[in-house]
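Subject: Structure handover

Hello,

Here is the structure you were expecting. My notes follow below it.

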Amino acid sequence: MTTRDHASYQEEIGAYLLGALTDLERQAFERHLAGCAECRGELERLRPAADALPHSVEQVEAPPALKESLMAVVDREARERSGEAPQRRPGLRARLPRLSGLRPVLVAGALALGLLAGFGVAQLGDEDDPRTIAATVDESRLPQASGRLQISGDGKEGAILRVHGMPSPGGDRVYQAWVQRDGTVVPQPTFEVGEDGGGAVAVPDDLSDAQAVLVTREARGGARAPSERPVLRVTL
Amino acid sequence: VRRALDTLPDDQRRTIELAYFGGFSHSEIAKLLDEPVGTVKGRMRLGLDKLRRRLGEGHAAGGFA
């Protein structure tokens, strides 16, 4: 078509199906699609895979504010790492504990976003922030561990829990966060820790009326209810 | 579907999950993973292609829920 060639649009078919294009990109893609039988064919070939995705988990929309603050954190960290320069490459990768499951657990509130925070943000945060609460750790099980919960605003928009000194949970397990509220425990995202034992997870739930944020070790993919006594607890 | 998704290479699965379930755009994902945007787009497409084939196998085998 006009300024861009077929190959560059063809490349975006996956992103289009996954809803990962910006509005402008999507419009441009659709204009190209209208005149390109090859791309239409490819799109229809791949569509069944994208259509099947909703069946894999219950979908939950990310709280936009939390998502924004997470992106801000990632941006800031990228800037810090690269000196102050443009903010791209010399990146997070070396420090990324393997991006955890990112598998949206089957539960409300647990969406990929939180897992996302499982990498990259571990080094951030202001020690003096009054909205940061230290965690209590079960030292018999995690002797070296520590954690801090950084609460955004009044807690209605969740928080970021950062941990250090956490061993890999072993087996095919991950850590999972929980919010305790009025005697119930609400599942939050799962996360992994890096080789240095550091990690972080976004806790998207409203914390304004919660009593505690907990962490347990669960099977990859997360659980609906904790399978063990929490290894870490942040009392609110 | 979940099982099919789990059989994808990690980088493809993550990218798909971030885009579809996390609602992130390809450029945000590129930033998060510190990968070029082109790589991210490529993984989305490859990942969907693999997923499509796995799902096909699943059906043939009476398979995936």
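A contact here means heavy atoms within 4.5 Å. On that basis, among the contacts in chain A with a separation of 6 or more, 63% are between residues 24 or more positions apart. For chain B, 48% of the contacts between residues at least 6 apart in sequence join residues at least 24 apart. Please keep in mind that this is a predicted model.

Confidence

The mean pLDDT of chain A is 73, and 66% of the residues score at least 70. Helix H2 (residues 13-17) of chain A has the highest confidence in that chain, at 94, while helix H6 (residues 112-116) of chain A has the lowest, at a mean of 40. Where in chain A does pLDDT stay under 50? That stretch is residues 84-130 of chain A, and the model still gives it 163 contacts beyond four places in sequence.

Chain A

Chain A is built with six helices and nine strands. Of its 236 residues, 52% are buried. The accessible surface of chain A is about 10700 Å², and carbon and sulfur atoms account for 49% of that.

Four of the strands make an open sheet, with antiparallel pairing and the order E1-E3-E4-E7 (chain A). The edges are held by strand E1 (132-134) and strand E7 (199-203) of chain A; each has a single partner strand, so one side of each has no neighbour in the sheet. From one strand to the next, the twist averages 20 degrees. As a general point, strands of a sheet pair through backbone hydrogen bonds, either parallel or antiparallel.

Within this sheet, strand E3 (residues 146-151) of chain A and strand E4 (residues 159-164) of chain A run antiparallel and are joined by six bridges. Which residue of E4(A) is the bridge partner of Ser146(A)? It is His164(A).

Chain B

Chain B has four helices and zero strands, and its elements run α-α-α-α from the N terminus on. Buried residues make up 54% of the 65 residues of chain B. The chain exposes about 2500 Å², with 52% of this supplied by carbon and sulfur atoms.

Helix H2(B) is mostly covered, with nine of its eleven residues buried. The buried set consists of Gln12(B), Arg13(B), Arg14(B), Thr15(B), Ile16(B), Glu17(B), Leu18(B), Ala19(B) and Tyr20(B).

One of these residues, Arg13(B), forms a salt bridge with Asp10(B), with 3.0 Å between the closest N and O atoms. The two residues are three apart in helix H2 (residues 10-20) of chain B, so about one helical turn separates Arg13(B) from Asp10(B). Are the two ends of this pair buried or partly exposed? Arg13(B) counts as buried because its relative accessibility is 3%, under the 20% cut-off. Asp10(B) has a relative accessible area of 39% and is partly exposed.

Salt bridges

The whole structure has 21 salt bridges over all chains. One of them is between the side chains of Arg45(B) and Glu42(A), at 2.9 Å from N to O. Glu42(A), at 11% relative accessibility, is buried.

A further salt bridge lies within chain B: Arg43(B) pairs with Glu35(B), and their closest N and O atoms are 3.4 Å apart. Both partners count as buried, Arg43(B) at 13% relative accessibility and Glu35(B) at 12%. There is also one network, in which salt bridges that share partners join Glu42(A), Arg45(A), Arg45(B), Asp49(B), Arg52(B) and Arg53(B).

Regards

How values were computed: Residues numbered from 1 in each chain as written. Chains lettered and ligands numbered in written order. Predicted model: local features only at pLDDT ≥ 70, side-chain atom pairs only at ≥ 80, totals over all residues. Heavy atoms only, no water. Buried < 20%, exposed > 50% of the residue type's maximum accessible area, 1.4 Å probe, protein only. Areas by Shrake-Rupley, 256 points an atom, 1.4 Å probe, with all protein chains shown as cover. pLDDT = per-residue confidence, 0-100. Pairing = 2+ DSSP bridges. Axes fitted to C-alpha atoms, helices over the stretch in contact; angles between N-to-C directions. Salt bridge = Lys/Arg side-chain N within 4 Å of Asp/Glu carboxyl O.
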